[in-house]
Amino acid sequence: MKNYIIHHDWKIVEQGFVPENNRISESLFSIGNGKMGQRANFEEKYSGDTLNGTYVAGIYYPDKTRVGWWKNGYPEYFAKIINSTNWIGIGVSINGEELDLAKAKVHSFKRELDMQHGLLTRSFVAELQNGNQVEVCSHRFVSIVATEIGAIRYTIKALNFEGEIKVTPYLDGDVENEDSNYDEKFWIEVARAVGGPEAYLTVETLKTGFQVSTGMWFQLLKNGKKVDTEITNGEREKFVEATQVVSVEKGNEIVVEKISSTVSSLYYNKEDLPEKAKEAIDIAVEAGFDLLFETHKKRWLQKWATSDIKIEGDVAAQQGIRFNIFQLNQTYSGEDERLNIGPKGFTGEKYGGVTYWDTEAYCLPFYLSTAPQKVSRNLLVYRHKHLQKAIENAEKLGFKNGAALYPMVTINGEECHNEWEITFEEIHRNGAIAYAIYDYINYTGDKEYLAPLGFEVLLGISRFWSQRVNWSTAKQKYVMLGVTGPNEYENNVNNNFHTSYMAVWTLKYTLEVIDYLKTEFPYLYEEMVKKWKFNELQETAHWTDIIDKMYFPRDEERGIFLQQDGFLDKDLKPLAELAAEDLPINQNWSWDRILRSPYIKQADTLQSLYLFQEDFTTEELKKHFDFYEPLTVHESSLSPCVHSILAAKIGYQDKAYEMYLRTSRLDLDDYNNDTEDGLHITSMGGTWMSFVMAFGGMRVVNGKLTFNPFLPESWRSYGFRIDFGGAHLEVKKERGLFSVINHSGVGIKTTVWDKEYEIAGNSSVEIKNLKTIKTQLK
C-alpha cells in the first residue's frame, strides 16, 4: 500500500517527482472519453521507466495464444485493445539539449487531475545538464463532447537563459505493446502526410485490418503573440513531425497549442479516414483550445449533476468515490452497443481491455442509476449481438441444441482466454449475464426487452445449464462437476455453491419469462419457439426437475452452505493468524499451496448471498459472513465491495466502512501493488455499489425502491443521486435525519426502513428517528 497521493475533494494530486511511482501515476492520471483513452505519459521525451499507452475503443489485435500445451477448445488468440498512435508527443530542445526529466534535475513537480472538469495538468521546474532552467506547465484533455479530439496547451518559460527553444510536435505510430506474446508490433502504415503545422498518419492493424487515422495541428505563441518562424517538417515510416524554433530571452514564455484528432474504421469507410481526420481538426481549430475546453467542462458538470456522491467529514473517502465515478464516466458512454468495458478501461494493457463478467456483475448498476436508460440497455444488447458466438463457444466444448456459453474474455463474442481452469470451468459468468437481464428489467421496468432479445439469451443460457449438470445416482441429486467459482484460488471443484445457485436461479427466471411472453407477446413467442426449435414441454420439465433436485453442499452444524464439496477438509485457519510476510499470498506462496489452503480470493458463496439477499434471513447471512469473511484475502479488486454491502446488511458497520475505503482507494493507494498495470475500472462499479447499497441500503425488490441507510461514525453526512422510474432523486443522510428529494415532475413510491412513502413530483420526504417529520413540495 502506498500513500503519496494528496487528499482533496475534487482533485488527484501528486507533489514531487519520484520515478519509481511514475507508472502508477501514469495510470492514476489517465484521461478518456469512451471512444479513446490516454495514459498520463509526458508530452516531452522521457527516457525513464514508462508505459506508453494510447487506446482507441473497439480497435483490437488477436495476439496468437502462447501456451506450453494445447487442449481442445482453447482459443487461438487473446484479443487486445492495442497501443495506438501517440498523439501527445511534443519534443522540446533548449539550446541544443533535449528536455528529458530522466536526465534533468527536477526542482519541483506537480501532477494534478481535476475530476470535476476533466483536465490533466502537470507543472515542473527542471534544470538541464547545460544549466538552463525551464518552468513547464501542460494542460491536457480528451473531449467528451467532440469525442474525436484531444487538446494540449504546453507552456515553457525560460527562467535563467537566453537562446533558442525548439519544439517538435509529432505523431508516432511506430508503437508496441509490452504484453505482446511474440514481441511483434501490431501496426503497418497506410498513409502519411505532413505540411506546415499539420500532419496526418493512417495505420492499419495486422490480421484484423482496422484502420486509425490521427491528425494534428499546432501553433506556437511567444509572450501571447503567434510565432511566424519557418516550420520544418519531417517524416519516416509510421512517424510525422513539424518543428519550429523560437529565440527567447530570460523570462520569456512560449506556448505550444496542439490539437489532435483520432478517427477509426469502426465509424468511417477506410478510404475516407484521412479526410475525416482533417475535418475534425479543422472544426476543432476553428473553435480553439478555450472553447473546446469550455464545452468539455460544461458536459462534465452535467455528468456530475446526476452521478456525484458527496461526503462531509472524510476527505479520503470523498476523493475515493469521486475518482471511481470519474473513471467510470470517462470509460464508457453507452452510445455504441458494439463497445463494452474492459477491467482496465483505457488505462493499461493488462487484461487486454476486453470484456469480462465484471461488466454485468459490477458495472451495470452504476449506469442503471446514473445514466440514460439506453446506456445500460446497450450493455445488454452487446451480449445479445454475441449470442450466436456464445452458441458456437458451447459447441466447441460439446454442448448442443442452441446451448450458449458466453466467453470469460472477449471482444467480438469469441472466447479468447487461455487458462483452462477459467476458459472451461469459470462458467458462473453465464449466470451473471442472465442476472443482468433481470437486474435491468427489475430496475427500469422495461419488460419489452425480453421480447425477444432477453428471452433469446436466457434460453441459450438455460439450455447450457440443463446440459452442464448431471444426475448423481449416489446422491439422487443433480450435480455440477469440474467448475471454478469466483474464488480463483480453487480450481476444478465439484458443486461450487455460487455456480449451482446461479444455474437454478436462471432456470427459474427463464420459466417466469416464458409465462410472461406467452401472456403478453403470444405471437412473438410462437415465432421464437419455431426459430429456436424450443420443445417447451420437454425442456421446461427437465429444468423444473433440476430446480427441484439440485445438490448444494451444506454444513448442517454451522447452518451454512459450503463453497464446494470438501471445503471442510481444509485447515480452516483464519487469515488473521497468517504472518505478515505471507501476504499477499498470490505473491508469496506457490500455486499448489494456495489451492490447498482455505483462503478465498474474492466473494464466492457470499456473491450469491449478496445478489439474493431476500432469499436468506439476516441470521443466515450473518452465519455465512462470519464463516467466510475471515478466510478472504481480498486479492481480487472485486472482493471488498460485496463484503461491504453484506456487512452493512447484517449490522457490521465498521467492517462495511473498512471494506468501502479499501475498494474506493484501491488504486489511489495501490493496495494490491498493481496500479502501474492500469486502473481497476470494473471494480469501480463495485465501489459505487458498495456506497449506495451499503451506506444507503438501497435495493430494488420486485421493482420497488427501498432504503435502509446508516451514517458512518466519522462522517457528518452524505448524499447521492439516482434515476429511478423516470424520477431523479437526491438521497441525503445526516446524523438522525434521512431525506429523499424528488427533482423531477414524476411521482414515486419508496420504502425506507420498511415503511412506504409516496413522494410526489418536485417534493421531498424527511425522516427523523424512523419517523416522518416533514413532506413538502420543493
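What volume does the second largest cavity have? About 110 Å³. The legends below describe this cavity and other spaces in a predicted model.

**View 1. The second largest cavity is lined by residues that include Lys-35, Met-36 and Val-56.** Ala-57, Thr-147, Glu-148, Thr-262, Val-263, Ser-264, Tyr-267 and Tyr-268 also line this cavity. Strands E5 (54-64) and E20 (253-264) each supply at least two lining residues. E20 gives the most, with three. By type, the lining divides into six nonpolar, three polar and two charged residues.

**View 2. The largest cavity has a volume of about 190 Å³.** It is lined by 18 residues. Closest to its centre are Gly-58, Ile-81, Asn-340, Ile-341 and Gly-353. Nine lining residues are nonpolar, eight are polar and one is charged.

**View 3. The largest pocket holds about 1,100 Å³ of space.** Its lining has 40 residues. Lys-350, Tyr-351, Tyr-356, Glu-488 and Lys-601 lie nearest the centre. Strand E6 (77-83) and helices H7 (420-423), H13 (585-588) and H14 (591-596) each give two or more residues to this lining.

View 4. Among the elements that give two or more residues are helix H4 (358-370), helix H8 (428-444) and strand E26 (699-701). The lining of this pocket counts 23 nonpolar, eight polar and eight charged residues.

Notes. Residues numbered from 1 in each chain as written. Predicted model: local features only at pLDDT ≥ 70, side-chain atom pairs only at ≥ 80, totals over all residues. Heavy atoms only, no water. 1 Å grid on protein atoms, 1.4 Å probe; cavity = no way out; pocket = protein on both sides within 12 Å on 5 of 7 lines; lining within 4 Å. Points joined across faces, edges and corners; volume = space filled by probe spheres on them. Helix = DSSP H or I, 4+ residues; strand = E, 2+ residues; numbered from the N terminus. Nonpolar A, V, L, I, M, F, W, Y, C, P; charged D, E, K, R; others polar.
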